[in-house]
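Let's take a walk through a protein model together.

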Amino acid sequence: MEMKTHSADGVMHLALQGEFTIYDAGIKDELLALCAGPRVEIDLSQVNEIDSVGVQLLLLVLRQAQMQQRSLRLVALHPAVNTMFELYDLHQTFGLDTNGEQLS
């Protein structure tokens, strides 16, 4: 898993690349730290594999954001991520439509 960040207009943009699986469970603290800003967007377009641990980490980030009343948005889901979100029925949880696009 590779993480790339940049900040623009008060939004932290985090792009995840590669496999987001149990082998990446150790990035939990780093991921939470990167997502600690008031507005965060996570780009999942380059995550070509995700398992239940990757999903759990995204849910943890979402829960932390909600508890601290911060904005978290997922953008550009890779088809593999979209498939996993369908399997776990997570689109609405993350404010997405079934195509992985942000709901209005």
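What follows is a short tour of the core, a helix pair, the salt bridges and one alanine. Keep in mind that this is a predicted model.

**The core**

Let's begin in the middle of things. In soluble globular proteins, nonpolar side chains tend to be buried together. Here, the largest nonpolar core has 28 residues. Phe20, Ile42, Leu44, Leu58, Leu74 and Phe85 are the ones with the most contacts inside this core. Helix 2 gives the largest share, 7 residues.

Pick out Ile42 and look around it. If you leave aside neighbours within four places in sequence, Ile42 is in contact with Leu14, Leu16, Cys35, Leu58, Val61, Leu72, Arg73, Leu74 and Val75.

**Two helices that pack**

Two packed helices are described by the angle between their axes and the distance between the axes. For helix 2 and helix 3, the angle is about 80° and the axes are 11 Å apart. That makes helix 2 roughly perpendicular to helix 3, because angles of 65 to 115 degrees count that way. On the helix 2 side, Ser52, Val55 and Leu58 make the contact, and on the helix 3 side it's Met84, Phe85 and Tyr88. Sort the residues of this contact by type and you get 5 nonpolar, 1 polar and no charged.

**The salt bridges**

How many salt bridges does a search of the whole structure find? The search turns up 2, and here they are:

| Salt bridge | N to O distance |
|---|---|
| Glu2 and Lys4 | 3.8 Å |
| Glu41 and Arg73 | 3.6 Å |

Glu41 sits in strand 3 and Arg73 in strand 4, so this pair ties together parts that are 32 residues apart in sequence. Arg73 has a relative accessibility of 32%, so it counts as partly exposed.

**A closer look at Ala65**

Last stop: Ala65, a residue of helix 2. Is Ala65 buried or exposed? Its relative accessible area is 2%, so Ala65 is buried, as the cut-off is under 20%. Not counting residues up to four places away in sequence, Ala65 touches Arg70 and Leu72. Now find Gln92, which is 27 residues from Ala65 along the chain. The C-alpha atoms of Ala65 and Gln92 are separated by 16 Å.

Conventions. Residues numbered from 1 in each chain as written. Predicted model: local features only at pLDDT ≥ 70, side-chain atom pairs only at ≥ 80, totals over all residues. Heavy atoms only, no water. Core = buried A, V, L, I, M, F, W, Y, C linked by side-chain atoms within 4.5 Å. Buried < 20%, exposed > 50% of the residue type's maximum accessible area, 1.4 Å probe, protein only. Helix = DSSP H or I, 4+ residues; strand = E, 2+ residues; numbered from the N terminus. Contact = heavy atoms within 4.5 Å. Axes fitted to C-alpha atoms, helices over the stretch in contact; angles between N-to-C directions. Parallel < 35°, antiparallel > 145°, perpendicular 65-115°, else oblique. Nonpolar A, V, L, I, M, F, W, Y, C, P; charged D, E, K, R; others polar. Salt bridge = Lys/Arg side-chain N within 4 Å of Asp/Glu carboxyl O.
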